[in-house]
Amino acid sequence: MKGIVAYDSVHGSTKSVAEAMFEQITAEGHQAQLISVKEHANGPLEGDFIFIGSPTRAGRMTKDAKDFIESLDPSYWKGRKVVTFDTVGPMSKDVEKRKSMMESFGDKSKTAASKMKEACQDRGIPVAGTMHFAVVGMWGPIAPEAPEMAKEKTHQFLAGLK
Ligand SMILES: Cc1cc2nc3c(=O)[nH]c(=O)nc-3n(C[C@H](O)[C@H](O)[C@H](O)COP(=O)(O)O)c2cc1C
């Protein structure tokens, strides 16, 4: 299979989550493509599944992430798996508190991943799941455990495709 990991990132945290997802997809023997939505020139994207990520800013996705979703071809992606993910914060500097906050985080509406899910669904593209990862300060850095959590969630997603 082939997966695309498309991300926007202002300070680098969402990019590091995207890189961890990309590594996991290739480690499990799939083809993968990692793209920054800022650098992606509109054109056909081909894959069996796509992860789309953005930092949460003011309860929303970035404009570049929104524009990227608007560039997707609904007739192509509605039959494939789409996952949205984001970074949120600042979360507790205490690792255990942070982990438990993220475990019970749920699908909060004022996050980039939820807004991206709505934006996809508004275009007729169903979303299979949303994922959230913690940053520890307003501008990052990413929580040290987040890349590993991204790999684990990606692994679970891939296991579900079988
Ligand atoms: C202007 C601004 C607004 C933000 N608003 C939110 C917010 O509404 N909710 C939230 O969880 N995090 C918010 N954050 C924290 C961002 O989520 C954090 O900077 C981001 O995860 C970093 O990801 P990046 O390094 O990929 O840009 C905000 C940060 C900035 C700078």
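Exercises on a predicted model follow, each with a worked solution.

The model is predicted, and local features need pLDDT of at least 70, side-chain atom pairs count only at pLDDT 80 or more, and totals for chains, interfaces and linings use all residues. Residues are numbered from 1 along each chain as its sequence is written.

**Exercise 1. Overall fold**

State how many helices and strands the protein chain has, and in what order the elements run.

Solution. Helices (H or I, at least four residues) and strands (E, at least two) are DSSP runs, numbered from the N terminus. Counting them gives 6 helices and 5 strands in the protein chain. From the N terminus on, the order is β-α-β-β-α-α-β-α-α-β-α. The radius of gyration of the protein chain is 15 Å, close to the 15 Å of the globule rule for 162 residues, so the chain is as compact as a globular protein of that length. Here the radius is taken over C-alpha atoms, and the rule is 2.2 Å times the number of residues to the power 0.38. The C-alpha trace spans about 45 × 35 × 25 Å along its principal axes.

**Exercise 2. Helices α1 and α6**

Describe how α1 and α6 pack, and list the residues that make the contact.

Solution. Start with the axes, which are lines fitted to C-alpha atoms, for helices over the stretch in contact, with angles from 0 to 180 degrees between N-to-C directions. The axes of α1 and α6 (residues 146-161) come within 8 Å and cross at roughly 40 degrees. The two helices are therefore oblique to each other. Angles under 35 degrees count as roughly parallel, over 145 as roughly antiparallel, 65 to 115 as roughly perpendicular and the rest as oblique. Next, take the residues in contact (C-beta atoms, placed from the backbone, within 7 Å). On α1 they are S16, V17, A20, M21, E23, Q24 and I25, and on α6 they are A146, P147, A150, K151, T154 and H155. Sorted by class, the contact of α1 with α6 has 7 nonpolar, 4 polar and 2 charged residues. Ala, Val, Leu, Ile, Met, Phe, Trp, Tyr, Cys and Pro count as nonpolar, Asp, Glu, Lys and Arg as charged, and the others, Gly among them, as polar.

**Exercise 3. Helices α2 and α5**

Give the angle between α2 and α5 and the residues that meet.

Solution. Helix α2 (residues 63-71) packs on helix α5 (residues 112-122) at an angle of about 25 degrees, and their axes lie 10 Å apart. That makes α2 roughly parallel to α5. The residues that meet are A65, K66 and I69 in α2 and A112, M116, A119 and C120 in α5. This contact divides into 6 nonpolar, no polar and 1 charged.

**Exercise 4. Backbone exceptions**

Solution. Most residues other than glycine have a negative phi, and most peptide bonds are trans.

Notes:
Two residues are in contact if their C-beta atoms, placed from the backbone, lie within 7 Å.
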